[in-house]
Amino acid sequence: MGVLLAPGPVPVLKEISEAQCKEMITHRSGDFTKLYGDLVTRMKAYFGAEEAYVITGSGALGLETLILNLCGKEDRVLCLPNGEFGDHQATTVKVYANAIVQRLEDGKGWNLERAKPHIDASGAKVLAMVYNETSMGVRNDIKEICKYAKSKGMLTIIDGISAWPGTEFNMQSYHVDAFVTGSQKGIAAPPGMALIGLGKEAAERYAKRTDIPSYYCDLRRHKKRYEQDQQTPNTPAITLFWALQKAFDVLDQKGGLPGAVKRHHEASAHVRKRLEGMGFQMTAEKGFESMTVTGFVCKDAGQAKSIKSRLGSEFGFKIVGARGKYKDTGLRIAHMGNFEMKDLDACLDAISKIVK
Ligand SMILES: Cc1ncc(COP(=O)(O)O)c(C=O)c1O
């Protein structure tokens, strides 16, 4: 099938895949208690979270869970999109709360200077934004923005779905109250699980609410069942949970978060340097480049189409197009999860041959 270099799902190592092939257990058993207890303990430590849960469902369900538990209908929620996934986040917020949306052009990144006037003017109670805008390969400076939002008394909700664990992050030092990532991204497990983390303030907020507009995603149920016996309120995707546990083992073996950050930062710098060396412009504004996916702009739509299809048919690499402004002319190479540098280099060699 070749090498998958798309920004999620990413390739799953054999040992992670095979961890699913066990005799089934019930989620009302000591074995499941051990498994879920271990996952939650590791997520809390990795995220710097007060509480953590695995929601069976994709990343978007995890994000929606955070939003519906933390934002009431009347709450003003400032959303700062700069690409497709930020737009989706704003759409989700609109379902549950009073969204105030300030958008940056595709490819541009949010920093404090740009976000501050909107935070000041919004009168919002909550800030919701994306750490790594996958569609454009843009990394927003959430650390400084969240720090400022917290100084204004806001609650901060971050979609870190495609950022973690390849981008520096800790909920406490990044001033993040609620966080989500997806199993098919940097942790490199199969798709189907959303990993969420909550800080103290967020945990206190949902626990006090009496009008949470969901049953399945009501975090009070998740908390109650976890406190009772480290289990989930409904039947979880048990096989995927085994894979996730193995994926955490692999992450630990590869040096934990510092190891992941180093590998992803090096890959990002390397891929960008080689593409720039071939004369490509990046989709991301300088200084806001993603650590997990690099977008580049081809000279026209024809060139983008030809690179993408020849990479697949002649060289065995699957990459994907960019979105939005660069939908026709942009391409993206992911360096996310347990990728190999030699594969990235072979893909870049192939691109260089195609464009010659
Ligand atoms: C930043 C970001 N947010 C949200 C999503 C949606 O995640 P899922 O498809 O797992 O629901 C993605 C998926 O690519 C993403 O990259």
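What you're looking at is a predicted model, where local features need pLDDT of at least 70, side-chain atom pairs count only at pLDDT 80 or more, and totals for chains, interfaces and linings use all residues. Residue numbers start from 1 along each chain as its sequence is written.

On confidence (pLDDT is the predictor's own score for each residue, from 0 to 100), the protein has a mean of 98, and 100% of its residues reach 70 or more. Going element by element, helix α11 (residues 301–315) has the lowest mean pLDDT, 97, while strand β8 (residues 155–159) has the highest, 99. Helices here are DSSP runs of H or I with at least four residues, strands are runs of E with at least two, and both are numbered from the N terminus.

Contact here asks for C-beta atoms, placed from the backbone, within 7 Å. The angles run from 0 to 180 degrees between N-to-C directions, with axes fitted to C-alpha atoms, for helices over the stretch in contact.

There's a second sheet to trace. Seven strands make up this open one, in the order β2-β10-β9-β8-β5-β3-β4, with mixed pairing. Its edges are β2 (51–56) and β4 (98–101); each has a single partner strand, so one side of each is left without a neighbour in the sheet. From one strand to the next, the twist averages 20°. Look at β5 (residues 126–130) beside β8: the two run parallel, with five bridges joining them. V126 has L155 as its bridge partner in β8. Helix α2 (residues 30–47) packs on the sheet, touching β2, β9 and β10, and its direction makes about 120° with that of β2.

The contact between them takes 25 residues from domain 1 and 24 residues from domain 2. On the domain 1 side, β7 (138–139) and α9 (238–253) are the elements that give two or more residues. By class, that side has eight nonpolar, eleven polar and six charged residues. In this scheme Ala, Val, Leu, Ile, Met, Phe, Trp, Tyr, Cys and Pro count as nonpolar, Asp, Glu, Lys and Arg as charged, and the others, Gly among them, as polar.

Next, the ligand. Among the residues around it are G8, S58, F85, D159 and G182, where the C-beta atom, placed from the backbone, has to lie within 6 Å. The shell has four nonpolar, six polar and one charged residues.

P9 lies in the loop between β1 (3–4) and α1 (14–18). Another cis bond runs from W164 to P165, with omega near 0°, and P165 is in the loop between β8 and β9 (178–182). Finally, A188 has a positive phi of about 60° although it is not a glycine; its place is in the loop between β9 and β10 (193–198).

Notes. Contact = placed C-beta atoms within 7 Å. Pairing = 2+ DSSP bridges.
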